[in-house]
Structures are given as C-alpha cells and as structure tokens.
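Me: I would like to go through this structure by question and answer, from the overall fold down to single residues.

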Amino acid sequence: RLRVSVVHGRDCMAYDDLSQQEPGALVAVSADPIDATALLDFVSAPECGAVVLFLGTVRNHSRGKTDVTHLEYEAYDGVVESKLAEIVTEAMAQWPVRRVAAVHRVGSLSVGESSVAVAVASPHRADAFEAGRYLIDELKKRVPIWKKEHWPGGAEWVREDHEHAAE
C-alpha cells in the first residue's frame, strides 16, 4: 500500500519522515528552499536503477518581458497538498516507480532559485522519465498554485496552466 506523507510548513524540507524500505511519496509546500540532495536521498532505493530529478527555477524573463526580477507564489492551503498527493498517487499507479517526491515553494523567490521539484525512483529509466514528466505537467495544470511575476515598474499574476504549455 502506498504511503503519501503530506508536509506543510517551515520545517518540511527535512525529508526524513518515511522509511527507505517501503514505497512511498513525499508531498510538500513550503517557503523554505528546496534541497535537491535531500530529495535525491529520499527517493533513492537499492532496487532502483534510475532516479530522475526535475528542478524548475526562476528565470529572468517571461513572454514579452526581459527583466523579471523575482516571482511570488501563493497556494490554496488545504487543497494544494491533496491535489499534489492525487497526482503522485496516479503516477505511482501508472508506472512502476518505487518512491516519489513533489515539492513546491511559496513566497517570494529570486532569479535562479528553485520553485518546484519532482523526483522519481524506478527500476528503469524510461519509467522514471515518463512518471517525472507526468508529475510536473499535471502539477502545472491542476495544482492551485499562483505565480506573480515582478519586473521594474510592474507586476502581473500569471496562469501557470495556460502559460508556455508547450515548454
């Protein structure tokens, strides 16, 4: 049976709440920086020959803007975690992945900071890549997290599910 741990708050970037000996997943939303090494440690398992990690980072440009200074993320508390867990459960049912982590930041993030991470461990690389792609694509489409882009002289809320769908 799949165990999904949902973590929210200031201390959720310590990914040590699940045993490495059983399948499981971590879903987290936090203002804390994402620790990619901790995510890799969390999902790694001796029976898995593939670990895929995707990090989404804040870039300095956007459609029609070349001087983005930072982003601001907000999440719908009480719903965001259950949507993330739903997507993780779907991926674990569709592909033979052993462990999964899906983490998203909230708050103000500077250019270069990681805003989202998805990590997947599977016995084989094709499954790990496919599950990881599914997770980030569905997260962007379905999870209630909003992004506000800031640039000198202005700011604008951007719909993540409609922006850059092909990227």
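**Fold and core of a predicted model**

Reply: The protein has three helices and nine strands. The model is predicted.

Me: In what pattern do the helices and strands follow along the sequence?
Reply: The count is three helices and nine strands. Read along the sequence, their pattern is β-β-α-β-β-α-β-β-β-α-β-β.

Me: What is the mean pLDDT of the protein, and over which residues does pLDDT stay under 50?
Reply: The mean pLDDT is 86, and 81% of the residues reach 70 or more. Where pLDDT is low, the predicted coordinates should not be read in detail. That caution applies to the stretch where pLDDT stays under 50, for which the model has 45 contacts beyond four places in sequence: residues 8-21.

Me: What percentage of the residues is buried?
Reply: The accessible surface comes to about 8300 Å², of which 51% belongs to carbon and sulfur atoms. The protein has 167 residues, and the buried share of them is 47%.

Me: Which element supplies the largest share of the largest nonpolar core?
Reply: The largest nonpolar core has 34 residues, and Leu 84, Val 88 and Leu 135 are among those with the most contacts inside it. At least two residues each come from β2, β3, β4, α2, β5, β7 and α3. The largest share, seven residues, comes from α2.

Me: Which residues does Val 88 contact, leaving aside its neighbours within four places in sequence?
Reply: Val 88 is one of the residues with the most contacts inside the largest core. Beyond four places in sequence, its contacts are Ala 25, Val 27, Val 100, Ala 102 and Leu 135.

Me: How far apart are the C-alpha atoms of Val 27 and Ala 102?
Reply: Val 27 is in strand β2, and counts as buried because its relative accessibility is 0%. Val 27 and Ala 102 are both contacts of Val 88. They are 75 residues apart along the chain, yet their C-alpha atoms are separated by 5.0 Å.

Me: Why does the span of α3 agree with its number of residues?
Reply: α3 has 18 residues, and at 1.5 Å a residue these should span 26 Å. The end C-alpha atoms agree with this, being apart by 25 Å.

Me: Against which elements do the buried residues of α3 pack?
Reply: The buried residues of α3 include Ala 128, Ala 131, Leu 135 and Leu 139. An α-helix has 3.6 residues a turn, so residues three or four places apart point the same way. The buried residues of α3 pack against β3, α2, β5 and β7.

Me: How many residues of β7 are buried?
Reply: β7 runs antiparallel to β3, joined by eight bridges, with Ala 119 of β7 as the bridge partner of Leu 53. β7 also runs antiparallel to β5, joined by six bridges, and here Ala 121 is the partner of Arg 99. β7 is largely enclosed by the rest of the structure, so the number buried is nine of the nine.

Me: Is Ser 115 buried or exposed?
Reply: Ser 115 lies in strand β7. Leaving aside neighbours within four places in sequence, its contacts include Ile 34, Gly 56, Tyr 73, Val 103 and Leu 109. Because its relative accessible area is 4%, under the 20% cut-off, Ser 115 is buried.

Terms used:
Residues are numbered from 1 along each chain as its sequence is written. This is a predicted model: local features need pLDDT of at least 70, side-chain atom pairs count only at pLDDT 80 or more; totals for chains, interfaces and linings use all residues. Side-chain values use heavy atoms; hydrogens and water are left out. pLDDT is the predictor's confidence in each residue, from 0 to 100. Contact means heavy atoms within 4.5 Å. Helices (H or I, at least four residues) and strands (E, at least two) are DSSP runs, numbered from the N terminus. Buried means under 20% relative accessible area, exposed over 50%, partly exposed in between (1.4 Å probe, protein chains only). Accessible areas come from the Shrake-Rupley method with a 1.4 Å probe; for residues, only the protein chains shown count as cover. A nonpolar core is a set of buried Ala, Val, Leu, Ile, Met, Phe, Trp, Tyr and Cys residues joined through side-chain atoms within 4.5 Å. The expected span of a helix is 1.5 Å times one less than its number of residues. Two strands pair if DSSP finds at least two bridges between them.
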